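Let's talk through the ligand site and the charged pairs of this model, one question at a time.

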Amino acid sequence: MNLYEQRLDEIFTRIEAVRAKVNEHQIIKLVAVSKSVEPSEVEALYNVGQRAFGENRVQELGRKCGILESLPLEWHFIGRLQKNKINALIELSPALIHSCDSLELALAINQRAKAKSANLDVLLQINSAKEESKAGVMPEAAYETYQQIKEECPNLNLKGVMSIGAHVNDSKIIQESFEETYRIFENLKPHGATVCSMGMSQDFELAIECGSNMLRLGGILFS
Ligand SMILES: *Cc1c(COP(=O)(O)O)cnc(C)c1O
């Protein structure tokens, strides 16, 4: 086993341990966040079976997509999206945009997608910990915003929700922020939501306990 195989193996063992406790039938998808590593490390992880990777900057996503274009990778966009980068992102055909954080941004992405006859899979980002430093719609507004995007943005396929756990040391508070996101996800399931993206290197086990089915792990895989 090489280093990457060993790391993936350890993480899947940890994921499985929690999943078995929570819900044996739940499939959990791992997105490897490669924002702080070079394409050679992406390739190394790909070589031991990882397919989905996440980047938080459009330019960097473009650079890595280009260098690794011969590999059948699935790229996720997870960062703040500036309006002037929307066209460039659409050109890269991301598998999923996790960070659609307002109706306004959704409308802007939709308009440009329409002009390119593109359809994009997106998640609505929720600021479930209500932190000023974070993007996302407030939990109270999430349900309505989701419906509005569905109605007003025919070129977007809303697949569910994304959230970043509270930025604190108290795991009780992190748990509450995940539970808040999960409650919203459950209310949106009848409206087609299937993805609940939450959980990073420091809190992914807690996120699985709270119902996450998509993890975004960076540091724990790559450092
Ligand atoms: C960087 C990043 C991650 C991964 O964080 P780690 O702590 O390195 O696992 C996940 N989600 C988003 C939105 C990020 O920006």
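For the counts below, Ala, Val, Leu, Ile, Met, Phe, Trp, Tyr, Cys and Pro are nonpolar, Asp, Glu, Lys and Arg are charged, and the others, Gly among them, are polar. This is a predicted model, where local features need pLDDT of at least 70, side-chain atom pairs count only at pLDDT 80 or more, and totals for chains, interfaces and linings use all residues. Residues are numbered from 1 along each chain as its sequence is written, and side-chain values use heavy atoms, with hydrogens and water left out.

Q: How do the residues of the shell around the ligand divide into nonpolar, polar and charged?
A: The ligand is surrounded by residues including Val33, Ile78, Ser201 and Arg216, where a neighbor has a heavy atom within 4 Å. Sorting the shell by type gives five nonpolar, three polar and two charged.

Q: Which residue has a polar side-chain atom 2.5 Å from an oxygen atom of the ligand?
A: Polar contacts here are pairs of N or O atoms within 3.5 Å. Arginine 216 puts a polar side-chain atom 2.9 Å from a ligand nitrogen, and glycine 218 uses a backbone N or O atom, 2.8 Å from a ligand oxygen. The side chain at 2.5 Å from a ligand oxygen belongs to serine 201.

Q: How far apart in sequence are the parts that the pair of arginine 14 and glutamate 205 ties together?
A: These side chains meet in a salt bridge at 2.8 Å, N to O (a side-chain nitrogen of Lys or Arg within 4 Å of a carboxyl oxygen of Asp or Glu). Arginine 14 lies in helix α1 (residues 3–22) and glutamate 205 in helix α8 (residues 204–209), helices being DSSP runs of H or I, at least four residues, numbered from the N terminus. So the pair links parts separated in sequence by 191 residues.

Key:
Polar contact = N/O pair within 3.5 Å; in protein donor to acceptor, adjacent residues only side chain to side chain. Helix = DSSP H or I, 4+ residues; strand = E, 2+ residues; numbered from the N terminus.
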